[in-house]
Amino acid sequence: MLIAIVATAAAVAAWIYLLGFRGAFWLTDQRLPPQATMATWPDVTAVIPARDEAAVLPRSLPGLLSQDYPGRLRVILVDDESSDGTAQVAAQVASGVGEVTVVTGTPTPEGWAGKVWAMEQGLGAAGGAEYVLFTDADIAYAPGTVRALVAASGDRVIVSQMALLRTGTGAERLLIPAFVYFFAQLFPFRWVNRARTAAAAGGCMLVRRDALEEAGGLERISDARIDDVALGRLLKGVGSCWLGFTTDVVSLREYTGLGQVWDMVARSAYTQLRYSPMALAGTVLGLIWLYLLPPAAALAGLTTGLATGPAKGFAAGSALLAALGLAGWLIMSVSYLPVLRLCGLSPWRAPALPLIATLYAGMTISSARRHYAGRGGEWKGRVIQTTPAADKST
């Protein structure tokens, strides 16, 4: 029991560190900075890589086309070898609402990731726009969002917002808030905004064009599978970055079941670990230690103590193990509350975080298995062959 007590106490100490000393990652208080008043508004071109997105474009595209931006706002959609009429749907949606320039994407060259290549083609068609808004086909924008992004940009080279993800289905409510939670734990937003680390959220990235050119352009991250983090790191080398939460940028991507969420995470989890078996083992063991050990210790301590009989009371060791386990479980649950609140979900879901972490550990293992089976990064029928040296995003 001594080993269990020591291990659980260490987990509690780790949770205290995470809450108090890791950039307050668990809070959702990083919102757009104060907006500056502009005499003239710069040109902005929104670039949307789209592969088989015909179903979602009628719901997402109108909001971007009807932005009340005072300057010039163009929208370029790069049809990335779609097979569902994505280009035609985009043109139909734009009719009477705004103008969409559709670029017919060419096959991905060797050494490029598909999405980054689509972004590069959109960038090439952007003309002389001072700012480029890299976004996704499933992202819906509230009125005034582009104006707020530009006004908040100041001297920053990139302003990015984490899109509010859907939580409509059971699988989404169970797993999607944790995706945001774990992302923020890896890349604390306060640290990004205070020049300590680098990251961005791919659904909404407003980039200063001259800064991107100074950094060497998208060619520098041509083979990045996690393009948003890669772009954040690239631009961090030439200026300050900002990343925050919002409810004005919303993802309409629907995950109807566990399998779809599983595929989404497994597509890139092993990439984030740099295809390292050691990092994989460390991550899985870390998830077990941080998230599973505290509730397991709490239950074990309570069970062992009760087994001695109510009359005898809890043994000291059992009581200590139960107390430590409950403390760790409580701390992690409290840390999950702000993200649940952001997603509009009940706080009573917070104690399920150990179960959710177990599922994410399984997704990470699955990601590694797919990599070694030659199916790494599989997405919409496109299989991305990856090697340890083939992702500069990590």
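This is a predicted model: local features need pLDDT of at least 70, side-chain atom pairs count only at pLDDT 80 or more; totals for chains, interfaces and linings use all residues.
Me: Thanks! Is α6 roughly parallel or roughly perpendicular to α13?
Reply: Helix α6 covers residues 170–186 and helix α13 covers residues 316–342, and their axes are 10 Å apart. The two helices pack at an angle of about 100°. Angles of 65 to 115 degrees count as roughly perpendicular. That makes α6, relative to α13, roughly perpendicular.

Me: How many charged residues are in the contact of α6 with α13?
Reply: On the α6 side, the contact is made by Leu174, Pro177, Ala178, Val180 and Tyr181. Met332, Ser335, Tyr336, Val339 and Leu340 come from α13. By class, nine are nonpolar and one is polar, and the number that are charged is none: no charged residues.

Me: Now for another partner of this helix: is α6 roughly antiparallel or roughly perpendicular to α14?
Reply: The axes of α6 and α14 come within 10 Å and cross at roughly 80°.

Me: Is the ring pair of Phe182 and Tyr360 stacked or edge-to-face?
Reply: The count of aromatic pairs comes to 14. For Phe182 and Tyr360, the ring centres are 5.1 Å apart and the planes stand at 65°. Planes over 60 degrees apart take the second of your two names, so this pair is edge-to-face.

Me: How many residues apart in sequence are the parts that this pair ties together?
Reply: Phe182 lies in helix α6, while Tyr360 lies in helix α14, residues 353–372. The pair therefore ties together parts whose separation in sequence is 178 residues.

Me: Let's turn to cavities. Which element gives the largest share of the lining of the largest cavity?
Reply: There are three cavities of 30 Å³ or more, and the largest has a volume of about 50 Å³. Its lining includes Ile48, Leu57, Asp136 and Tyr141. Both α2 (57–65) and β5 (139–141) supply at least two lining residues. The largest share, four residues, comes from α2.

Me: And which strand gives the largest share of the lining of the second largest cavity?
Reply: The second largest cavity holds about 40 Å³ of space. Among the residues lining it are Met162, Ala163, Leu164, Val180 and Cys343. By class the lining has seven nonpolar, one polar and no charged residues. The largest share, three residues, comes from strand β6.

Key. Residues are numbered from 1 along each chain as its sequence is written. Side-chain values use heavy atoms; hydrogens and water are left out. Axes are lines fitted to C-alpha atoms, for helices over the stretch in contact, and angles run from 0 to 180 degrees between N-to-C directions. Angles under 35 degrees count as roughly parallel, over 145 as roughly antiparallel, 65 to 115 as roughly perpendicular and the rest as oblique. Contact means heavy atoms within 4.5 Å. Ala, Val, Leu, Ile, Met, Phe, Trp, Tyr, Cys and Pro count as nonpolar, Asp, Glu, Lys and Arg as charged, and the others, Gly among them, as polar. On a 1 Å grid over the protein atoms alone, a cavity is a set of points where a 1.4 Å probe fits but cannot get out, and a pocket is an open set with protein on both sides within 12 Å along at least five of seven lines; lining residues have an atom within 4 Å of a point. Grid points are joined across faces, edges and corners, and a volume is the space filled by probe spheres set on the points. Rings of Phe, Tyr and Trp (its six-membered ring) pair if their centres lie within 6.5 Å; planes under 30 degrees apart count as stacked, over 60 as edge-to-face and the rest as tilted.
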